[in-house]
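Please read the report below with the sequence and the model side by side.

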Amino acid sequence: NMVIKKDMSEGTNADGGYTVPEDIVTKLYELREAKESLLKFVGYEAVTTNKGQRTYKTRATQTGFTLVPEGNAIPEKSTPQFARISYSIKKYGGYFPVTNELLADSDENITSVLTGWIADESRVTANKLILAAIAASWDTPTNLTNLDGIKNALNVTLGQAFKGTSVIVCNDDALQYLDTLKDEMGRYLLTPDISNPGQMRLSVGASTVPVKVIPNADLPTTDGKMPFIIGDFKEAIRYFDRKKLSIMASNTATAGDFNAFEMDLTLFRALEREDVVVRDIAALVNGYITVG
């Protein structure tokens, strides 16, 4: 009788697979992500206390002087009026437990990796606060419908006070919409800014307006409505910052269910204190265009 013997092979560990090394790389590779911060568009102010107010002269239409015939009384005219906006600093944060074995044994600088993660958490927090302030103050977004609606927002709603300093902030879906618009000659209306490589400008009638794109992950299309936030963000939104982002690490602290000393952990704590306030509601149009 013929006896079939089992060959040595790498497919089975006991038959030789254990001798074949695996190509395992411990160097950390990061997947490319699109990240953008709305914080660089808005007005920024560092403060040294937890609350405060800012005084502004209110907007009014002046009518000019009145004709005064000889011998008649000079009429009274209206005087400037003022208003205040208030900020109240709030605290945001979180903690991150890491085993000391990982910190000691990893080929990567885990502290550096975690610090980068925390910085990105701060970016997302600022984005959410700014978008929440916009949603709260412009609670009924404007249906822009098409390019003509964008023109109306710039020329009429924002007008000459803000048109020259306005930008269009949109998401990836809205960028795709803008990138398909053409004039009567078949030329695309969205073009690169020659004087500022990497930036885009939209031809809106007789004007060109800078376009800033926020990834869909940070500024999503909701119910088929592509967001178009148009205006002067620095005039419209004020970000009050109290001491920026702070990070502290401890191997003896306790937090929640974690006892760093007993469990041989290092607890990283991140805190920031801030507030976002609408400064001038007339400086921004919170609009959308429905996906067609």
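Predicted model: local features only at pLDDT ≥ 70, side-chain atom pairs only at ≥ 80, totals over all residues.

Residues are numbered from 1 along each chain as its sequence is written, and side-chain values use heavy atoms, with hydrogens and water left out.

## Helix 3

Helices (H or I, at least four residues) and strands (E, at least two) are DSSP runs, numbered from the N terminus. Helix 3 covers residues 147-162, and although it has 16 residues, its end C-alpha atoms are only 18 Å apart, short of the 22 Å that a straight helix would reach at 1.5 Å a residue; the expected span is 1.5 Å times one less than the number of residues. The helix bends by about 45° at V156, where the bend is the angle between axes fitted to the seven residues ending at that place and the seven starting there. At the start of helix 3, a side-chain oxygen of N146 comes to within 3.0 Å of the backbone nitrogen of D148.

Several residues of helix 3 are buried, among them G149, I150, A153 and L158; buried means under 20% relative accessible area, exposed over 50%, and partly exposed in between, with a 1.4 Å probe and protein chains only. L147, which lies in helix 3, also counts as buried, at 14% relative accessibility. Not counting residues up to four places away in sequence, L147 touches Y177, L181, L189, L202, S203 and V204, a contact being heavy atoms within 4.5 Å.

## Nonpolar cores

In soluble globular proteins, nonpolar side chains tend to be buried together. A nonpolar core is here a set of buried Ala, Val, Leu, Ile, Met, Phe, Trp, Tyr and Cys residues joined through side-chain atoms within 4.5 Å. The largest such core has 44 residues, and those with the most contacts inside it are I150, V169, L178, L202, F228, I230 and F233. Helix 3 gives the most to this core, with six residues. Apart from it lies another core, of seven residues, including I110, L114, F268 and A270. As for L202, its contacts, not counting residues up to four places away in sequence, include L147, I168, L178 and V211.

## Aromatic pairs

How many aromatic pairs does a search of the whole structure find? The search finds five, where rings of Phe, Tyr and Trp (its six-membered ring) pair if their centres lie within 6.5 Å, and planes under 30 degrees apart count as stacked, over 60 as edge-to-face and the rest as tilted. Two of these pairs are set out in the table.

| Pair | Type | Centre to centre | Between planes |
|---|---|---|---|
| F41 and F233 | tilted | 6.1 Å | 55° |
| Y44 and Y239 | stacked | 5.8 Å | 20° |

F41 lies in the segment before strand 1 (43-46) and F233 in helix 5 (residues 233-236), so their pair ties together parts that are 192 residues apart in sequence. F41 is buried, with a relative accessible area of 11%, and F233 is buried as well, at 3%. The other pair also links distant parts of the chain, with Y44 in strand 1 and Y239 in strand 11 (residues 237-250), 195 residues apart. Y44 counts as partly exposed, at 34% relative accessibility, whereas Y239 counts as buried, at 5%.

D241 lies in strand 11 and is buried, with a relative accessible area of 6%. Leaving aside its neighbours within four places in sequence, D241 is in contact with Y44, E45, A46, V47 and R273.

D275 lies in strand 14 and is buried, with a relative accessible area of 11%. A polar contact of 3.3 Å joins the side chains of D275 and K90; a polar contact is a pair of N or O atoms within 3.5 Å, and within protein one must be able to donate a hydrogen and the other to accept it, while residues adjacent in sequence count only if both atoms are side-chain atoms.

Most residues other than glycine have a negative phi. K243 has a positive phi of about 75° although it is not a glycine, and this residue is placed in strand 11, where K243 is exposed, with a relative accessible area of 63%. D264 has a positive phi of about 55°, again without being a glycine, and sits in the loop between helix 6 (260-263) and strand 14 (265-278); D264 is partly exposed, at 37% relative accessible area.
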